[in-house]
Amino acid sequence: MSSDWRANHSDEEEDELDDAFAGRSGLILAVDCASYMFEREGDSDSQFVEGLHIIEAMMRNKVVTNETDLVGVVFFNTKNNPAPETEEELQPGLVAPRQSAIYLPLSPTSVEMIRKIRGMRESDDFFAFDSKYGHSQGTSVSNVLWLCSRMFSHCGYKLGQSTIVLFTSNDEPHDSSSNEYQQALVKARDLQQKEIFVELVPMSSSFDCNKFYKEFLCTVLEEDMGEFECPVYEQSKERLLHRLFVRSYKKRSIAGLKWHLSDDVSLAVNVYSLRRKSITIGGEKVSFKPEELALMKQLLPPGIRLLGFKPASAIKMTNHLRSSLFLYPNENYINGSTTLYRALYEKCLEKNQVAFCILTMRRKQPSKLVALVPQTELAHDPLGEADRHCGFRVEFIPYAGDIRKLPFLEEATAPETTDEQTDLFKKMIKKVKFKFHPSHFDDPSSQNLFINIESLVFDVEDAELFDSTRPDCERIDSKLDPILTDMERMFGEDIEEAPKRRRNAGDNDGEPRSKGPRVAPANDEELVSLVKQGNVGSLTISVLKDYLQRQGVRGISQLTKSGLVDKILATQAD
C-alpha cells in the first residue's frame with residue numbers, strides 16, 4: 001500500500017491545515033546537462049529545452065494544487081558549480097559534488113521558481129549556461145543521487161514522500177564492469193531503504209533502458225526485472241504534462257475504523273473521500289474588487305441548461321458526489337410546464353436515457369454538472385409516503401478534476417482467496433441479511449433531543465431512549481455460531497492485546513495507581529453474582545443497562561450506577 005495514504009485529518013473538517021502525519025511531498029528534478037542534451041535536430045527544440053518545458057508544467061501544477069510541497073532542480077554533467085545567487089538559496093552543510101550544481105534548492109513551489117525555469121527556457125543562451133555551468137560527461141550517478149538524498153534530509157521539513165526524477169538521453173552512463181556501475185546499484189539499495197522513489201524520463205526515442213537503468217530502477221523500486229516496463233519518452237512526456245490539467249490531492253483518509261461483522265469478527269478499514277474542495281492558489285495573494293468576485297462566482301444566471309442525452313448506464317455509483325435532489329414542474333411559473341415535463345420524462349423512461357445539464361442554483365453560486373435521471377414511483381412506507389416519487393432525480397456529476405485515483409488499488413495485487421473461503425463468507429452474508437427500510441431506523445441524536453424535550457414539557461421521569469441503529473448482537477451471534485469454527489480455522493483467531501504491566505507495590509507510592517482494565521462478565525449469571533456480592537467495580541453502566549433491558553425493565557436511562565444496581569437486586573428479589 002502506498003505510504004502517502006495515511007489516516008490523519010478529515011477532508012471535510014479542514015482544507016487549510018497542514019498534514020500532521022503524512023508530511024509534505026518532496027520532488028527533485030535532476031537534468032542531464034551534457035552537450036548532447038543541447039543539440040537540435042532541424043527546427044525542433046533541444047532535449048534540454050523539452051526537459052525545462054516538462055519541469056515548468058510540473059511546477060505550475062504544483063503551485064496550484066499542492067503549494068506546500070517542495071520542489072528542487074539539480075543539474076548534473078556540468079563543468080562548474082557556481083555559488084548560490086542569494087542568501088535564501090544558501091543551505092549550510094550542503095555542498096554539491098563534482099560535475100553537479102543546484103539550480104533551485106528544495107523549497108515550497110513559488111511563482112518566482114517557475115519564472116526562473118521559464119526564463120532559462122526562453123533565453124537564447126540559457127542565462128549564459130556555457131560560461132556559468134558548462135558541459136561535461138561521465139558524472140557518477142551515485143554522486144547525483146547522494147546530492148538529492150542530502151537535499152531531502154536538509155530541507156527542514158518532515159517529508160511523507162520523496163521522489164527523484166531523472167531527465168537524460170544517455171542510456172548507458174556507466175559500463176557494467178565499472179566501479180561506478182556497482183556504486184550506483186549500492187546507492188539504489190540505499191534509496192530503497194530510505195523510501196526515496198526514482199523516476200526516469202528518457203529524452204530520446206531510441207533510449208535503451210536495458211543497458212543500465214532497468215536493473216537500477218528495479219533495485220530502487222523493488223520490482224521484478226521480468227515484469228518491469230521500461231519508460232518511453234513520449235508516454236512519460238504526455239503523462240507529466242497531463243498532470244498540469246488534473247488536480248492532485250493529499251491522500252488523506254476521513255477516518256480509520258473497525259468494521260464489526262459481529263462481536264467476535266471485525267476488520268480495519270480507512271475511509272477516503274474521492275472529492276475535495278478546490279485549493280487556493282499559493283505563493284502570492286491576489287486582491288479583487290467585490291464586483292469582480294461576484295462576476296467570477298456567477299458564470300451563468302440561475303437555471304438549468306440542457307447539454308444533451310446519454311444512456312442511463314453512463315451514471316455510475318462510483319462517481320457519486322453528494323445526496324441527490326428532486327426535480328418537479330412548477331405550473332405557476334411557466335404555464336404548460338407540467339405537460340412538457342411529463343412528455344420529456346416518459347420519453348427518457350422509454351429510451352432509457354438521462355439528460356445531462358448545467359445547474360446554477362442561485363446567484364453567485366458556481367455551476368454544477370448534473371444528470372437528470374427519470375425514476376418511477378415505488379411502494380409506500382408504513383406512514384403512507386411514497387418511497388420514491390416519479391419524476392427526475394438530480395444526480396451531481398464530477399468534473400474531470402474532481403476524480404481522484406487510489407494508486408494502491410491500481411498497483412497492489414489483491415490477496416488470493418480460496419473457493420472455500422469465498423463460499424464461507426457467502427454463507428455469512430446470507431445469514432445476516434435483513435429487510436431494510438429507512439422507517440425502521442430513527443436518528444439517535446434527534447430521538448434523544450425530542451425525548452428530553454418531552455420529559456421537560458410533560459414532567460416525565462426516566463424517559464427511555466431506544467437506539468434502533470445498534471445491531472442485535474445476540475441474534476447475529478446465534479446465526480453465525482455454526483460457522484465461527486470454520487472462520488477461526490481458515491483465518492485464525494483475533495490477536496489479543498497483551499495486558500498492561502502493573503506497577504509494583506513499592507514503586508512510586510506517592511503517585512496514583514492506574515485503574516486496571518474492566519472485564520465484562522461472561523454471562524448474566526456471573527453479572528448477577530457480582531452484584532449480589534457487591535463487586536460492581538469492574539461493571540460499567542452500559543453493561544448494567546444492557547442487562548436490565550434484556551430483562552424488560554424500563555425507565556433506566558437517567559439512573560446512576562447505584563440506582564441500576566438497586567434495580568437489578570429488586571428484579572432478583574421479585
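At 44% relative accessibility, Glu420 counts as partly exposed, where buried means under 20% relative accessible area, exposed over 50% and partly exposed in between, with a 1.4 Å probe and protein chains only. This is a predicted model in which local features need pLDDT of at least 70 and side-chain atom pairs count only at pLDDT 80 or more, while totals for chains, interfaces and linings use all residues. Residues are numbered from 1 along each chain as its sequence is written, and side-chain values use heavy atoms, with hydrogens and water left out.

**Overall architecture**

- The protein chain contains 16 helices and 13 strands, which are DSSP runs numbered from the N terminus (helices: H or I, at least four residues; strands: E, at least two).
- Of the 574 residues in the protein chain, 35% are buried, and the accessible surface comes to about 36,500 Å², with 51% of it belonging to carbon and sulfur atoms; accessible areas come from the Shrake-Rupley method with a 1.4 Å probe, and for residues only the protein chains shown count as cover.
- Among contacts with a separation of 6 or more, 73% are between residues 24 or more positions apart, a contact being heavy atoms within 4.5 Å.

**Salt bridges**

- The structure holds 13 salt bridges, each defined as a side-chain nitrogen of Lys or Arg within 4 Å of a carboxyl oxygen of Asp or Glu.
- Arg489 is exposed, with a relative accessible area of 52%.
- Arg121 pairs with Glu56, the closest N and O atoms being 2.8 Å apart, and since Arg121 lies in helix H2 (residues 111-122) and Glu56 in helix H1, this pair ties together parts that are 65 residues apart in sequence.
- Glu56 counts as buried at 4% relative accessibility, whereas Arg121 is partly exposed at 23%; a network of salt bridges links Glu56, Arg118 and Arg121.
- Lys187 and Asp190 form a salt bridge at 3.2 Å from N to O, and both lie in helix H5 (residues 179-193), three residues apart, about one turn of the helix. Lys187 counts as buried at 12% relative accessibility, while Asp190 is partly exposed at 21%.

- Asp69, in the loop between helix H1 (47-65) and strand S3 (70-76), is buried with a relative accessible area of 5%. Not counting residues up to four places away in sequence, Asp69 touches Arg24, Ser25, Lys62, Ser107, Pro108 and Thr109.
- Glu395, in strand S13 (residues 391-396), is buried with a relative accessible area of 13%. Beyond residues up to four places away in sequence, Glu395 touches His320, Ser324, Leu369, Val370, Ala371 and Val373.

**Surface patches**

- Glu223, Asp224, Glu227, Glu410 and Glu411 form a negative surface patch; patches are made of residues with over 30% relative accessible area and no salt bridge, like charges being joined within 9 Å and nonpolar side chains (Val, Leu, Ile, Met, Phe, Trp, Tyr) within 5 Å.
- Leu306, Phe309 and Leu344 form a nonpolar surface patch with about 270 Å² of accessible area together, and Leu306 lies in strand S9 (residues 303-311).

Terms used: Lys and Arg count as positive and Asp and Glu as negative; His and the chain ends are not counted. The place of a charge is taken as NZ of Lys, CZ of Arg, CG of Asp or CD of Glu.
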